Amino acid sequence: MPFLSLGLDANILKAVQEAGYTEPTPIQSAAIPQILAGHDLIGIAQTGTGKTAAFVLPILAKLVGTTPHDRPRAIRALILAPTRELAVQIEENVRAYARHLPIRAATIYGGVSERPQIQALRGGVDLLVATPGRLLDLMDRRLCDFSGLTFLVLDEAERMLDMGFLPDIRRIVRALPQRRQTLLFSATLSQDIEAVTREFLRAPKTVQIGRRANPAETVTQLAYEVPQHLKSSLLLHLLREPGLNMVLVFSRMKHGADRIARGLEGKGIRTATLHSNRSQNQRLRALKDFKSGAVRVLVATDIAARGIDVDGISHVVNYDFPMHPEDYVHRIGRTGRGHAVGDAISFVTPEDHSALRSLERFIGRGLVRKRAEGFNYTVAAPAGATAAPRERHAGNSHGPRPPAADRPSGGGSGRRSGFRSASAGHGNRWRR
Ligand code: AMP
């Protein structure tokens, strides 16, 4: 089905063409007509499927097709995202698709000066992308006029719940007009998500792309068995291969991310890090350098990497095996984006075996076992090294999500109550 038949404005089609898209992705074909028809919508799709355009394009089409509210400062569409990185990337999408439209967009998130954000709000914004914390700060100061709001989008809703944003979202939604169109996107449809849709959506249509939490089919998924103490040497060994030219490495903890980056830099491999101890400007810089090719490797923690939208990532390396199957799906969704092909490499220590088996059950397919050619697997662990220095938390089967320290500071204040306990949803699937 061509874009032309979806009923979008000509100026939007022009921008889509300029973005190089030739045909809509499945989530776009399914969601866009429903949104244009005015339905509330539940979109079950992971990142990498084109879901951002699936909601941004029809919202823009409806905004240009309707007269602005008579109050010039009134916000007409609000998109809520869990992290600032995701918010920034949604805004980049909005700017690209709205480049030929008279639509004013702004993004507000914590960790940076609020002054430009306040100025933008005062100047008038049609479409606002926001993380919940900073938005509430500015709402409390009566800087947001939602009286003309017609669209609310909750993006990566499952992640917002995981991060304890539900009370914030409730407060925000209470301040919005009841007559509005609400769209919710989530990688999975859990009971918690269903409860949220009952609370915020009205007679929603559901579109679901692929099997639940099914990693992008274009990604080759490999598992390298490796003892804990040889992980850093194995990473260096793999990076000798020039094909690994744009590599996103996942570390479970930010200190681990720094350690990995130091090790690579020490061997002359240009590396940047992305985690919550870095300032917003440092993070944006890291992403920019990675996108431009100025650094070859980006080492990130799960939460900081949310929403990274970088085309051309050749490989994702799970240096630390992910804590939750959903994290795995999100991590490897960073490669093979759009129609690109990519490899996902997971390091698997003996301690990770049961997690690997659970993951394979979850995604419904096996990872391909590989051994690195020419790599010396026999180097003994340094004397005194205890069993793998696992950074897994709350070593019990009902532990909480990763530490609060690595939550994004998307809104500054300590409003969020922290991660939900695993028992409240899709927590520790590994240990079933
Ligand atoms: P998303 O799932 O929204 O994170 O998008 C994943 C990637 O797919 C982004 O890099 C988009 O620019 C790209 N993309 C979105 N729609 C299309 C399309 N119709 N054709 C090709 N690429 C697309």
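Predicted model: local features only at pLDDT ≥ 70, side-chain atom pairs only at ≥ 80, totals over all residues.
Residues are numbered from 1 along each chain as its sequence is written, and side-chain values use heavy atoms, with hydrogens and water left out.

Okay, the sheet. It's an open one, seven strands with parallel pairing, and the order reads S3-S4-S2-S5-S6-S1-S7. Strands here are DSSP E runs of at least two residues, helices are H or I runs of at least four, and both are numbered from the N terminus. Two strands pair if DSSP finds at least two bridges between them. The edges are S3 (105-108) and S7 (205-208); each has a single partner strand, so one side of each has no neighbour in the sheet. On average, neighbouring strands are turned by 15° against each other, direction ignored; axes are lines fitted to C-alpha atoms, for helices over the stretch in contact, and angles run from 0 to 180 degrees between N-to-C directions.

Look at S1 (residues 41-44) next to S6 (residues 181-186): four bridges, parallel sense. Leucine 41 stands opposite leucine 183 in S6.

Now, aromatics. Rings of Phe, Tyr and Trp (its six-membered ring) pair if their centres lie within 6.5 Å; planes under 30 degrees apart are stacked, over 60 edge-to-face, the rest tilted. That rule gives four aromatic pairs. In one of them, phenylalanine 55 and phenylalanine 185 have ring centres 5.0 Å apart and planes at 45°, so that pair is tilted. Phenylalanine 55 is in helix H3 (residues 51-65) and phenylalanine 185 in strand S6, so the pair ties together parts 130 residues apart in sequence. Phenylalanine 55 is at 0% relative accessibility, so it counts as buried; buried means under 20% relative accessible area, exposed over 50%, partly exposed in between (1.4 Å probe, protein chains only).

Which residues touch the most other members of the largest nonpolar core? Of its 40 residues, they are Leu8, Phe55, Leu57, Ile59, Leu60 and Leu127. A nonpolar core, by the way, is a set of buried Ala, Val, Leu, Ile, Met, Phe, Trp, Tyr and Cys residues joined through side-chain atoms within 4.5 Å. H3 gives the most to this core, nine residues. Setting aside neighbours within four places in sequence, isoleucine 59 is in contact (heavy atoms within 4.5 Å) with Ala77, Leu127, Phe151, Val153 and Leu183.
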